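Let's read a structure together, one feature at a time. Have the sequence and the 3D view open as we go.

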Amino acid sequence: GVITKPSISSFDNVQAFANWNTVLITIGLAALTRGVFGVITDLIFRSSYTGITGNTIYYGFSPFASFFGGIFGALIQFFVAVGVWWLIARFLFKGTGAFLNYSHAIVLFYAPLIAATAVVGVIPVLGGFAAFVAGIYALYLAVLATASTHRLPMDRSVWTIVIPIIAGFVLFLLFAVLFAALLVTLGIHFLGR
């Protein structure tokens, strides 16, 4: 439904079915898929270095870290995004949606897209491109889910989704500038000796 026929009415039609069992099982299965395919992807593309001695050293690969990082990464990403968007819609734009209904609306597209990009991620180049396209499409679907669940006009729904992205970008720039200033300061300090 909501992925193949995206519209506010598609999200309206699924609101009555919102329940925590569906949300938690769906996101759990997507997170598990991401963890499993994270391990597979790392096995296929694990980094190696052959030194002067001829010994091959593998680095950057831990099946345990890939598996649990994929699982917890998907869960944290989901609940942080839903929480931030829900707070913005609810308190900044006076939306009316319940957290359960909003989580349900978001999980209906987030989980399949996360699982699909994890599977496609094993294919070089295509995996990264698919993740980028799926991410853009997920933002569009999040706007529709926000409009439906919170009964907001499209402009406020767009701002609900875009504000955290803008804030994240500004924070990234701020930290980049501070880090560059620190490097310059350290460089001047050590060159002055």
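**Reading helices, contacts and loops**

A: Leaving aside its neighbours within four places in sequence, Ser103 is in contact (heavy atoms within 4.5 Å) with Trp20, Val23, Phe78 and Val82. This is a predicted model, in which local features need pLDDT of at least 70, side-chain atom pairs count only at pLDDT 80 or more, and totals for chains, interfaces and linings use all residues. Residues are numbered from 1 along each chain as its sequence is written, and side-chain values use heavy atoms, with hydrogens and water left out.

Q: Where does Ser103 lie? Is Ser103 buried or exposed?

A: Helices here are DSSP runs (H or I, at least four residues), numbered from the N terminus. Ser103 belongs to helix α4, residues 99–120. For accessibility, buried means under 20% relative accessible area, exposed over 50%, and partly exposed in between, with a 1.4 Å probe and protein chains only. Ser103 has 0% relative accessibility, so it counts as buried.

Q: How do I read a pair of packed helices, such as α2 and α3?

A: Two packed helices are described by the angle between their axes and the distance between the axes. The axes are lines fitted to C-alpha atoms over the stretch in contact, and angles run from 0 to 180 degrees between N-to-C directions. Helix α2 (residues 20–45) packs with α3 at an angle of about 145 degrees, and their axes are 7 Å apart. Which residues make the contact? From α2 they include Trp20, Val23, Leu24 and Ile27; from α3 they include Phe67, Ile71, Phe78 and Phe79. By class, this contact of α2 with α3 has 15 nonpolar, six polar and two charged residues. In that count, Ala, Val, Leu, Ile, Met, Phe, Trp, Tyr, Cys and Pro are nonpolar, Asp, Glu, Lys and Arg are charged, and the others, Gly among them, are polar.

Q: What about α5 and α6?

A: Helix α5 (residues 126–150) and helix α6 (residues 154–191) cross at roughly 130 degrees, with axes that come within 8 Å. That angle makes α5 oblique to α6, because angles under 35 degrees count as roughly parallel, over 145 as roughly antiparallel, 65 to 115 as roughly perpendicular and the rest as oblique. On the α5 side, the contact residues include Leu139, Val143 and Ala147; on the α6 side, Met154, Thr160 and Ile165 are among them. The residues of this contact divide into nine nonpolar, three polar and no charged.

Q: How far is Thr160 from Val84?

A: Compare sequence with space: Val84 and Thr160 are 76 residues apart in sequence, and 8.8 Å apart in space, C-alpha to C-alpha. Val84 sits in helix α3, residues 63–92. At 33% relative accessibility, Val84 counts as partly exposed.

Q: What does the side chain of Ser10 contact?

A: A polar contact is a pair of N or O atoms within 3.5 Å; within protein, one must be able to donate a hydrogen and the other to accept it, and residues adjacent in sequence count only if both atoms are side-chain atoms. The side chain of Ser10 makes one with the side chain of Ser7, at 3.0 Å. Ser10 is in helix α1, residues 8–14, and counts as buried at 14% relative accessibility.

Q: Which loop holds Lys94, and which holds Arg151?

A: Look at the backbone as well as the place. Lys94, in the loop between α3 and α4, has a positive phi of about 60 degrees although it is not a glycine. Arg151 lies in the loop between α5 and α6 and has a positive phi of about 55 degrees, again without being a glycine. Lys94 is exposed, with a relative accessible area of 63%, and Arg151 counts as exposed at 53%.

Methods
Helices (H or I, at least four residues) and strands (E, at least two) are DSSP runs, numbered from the N terminus.
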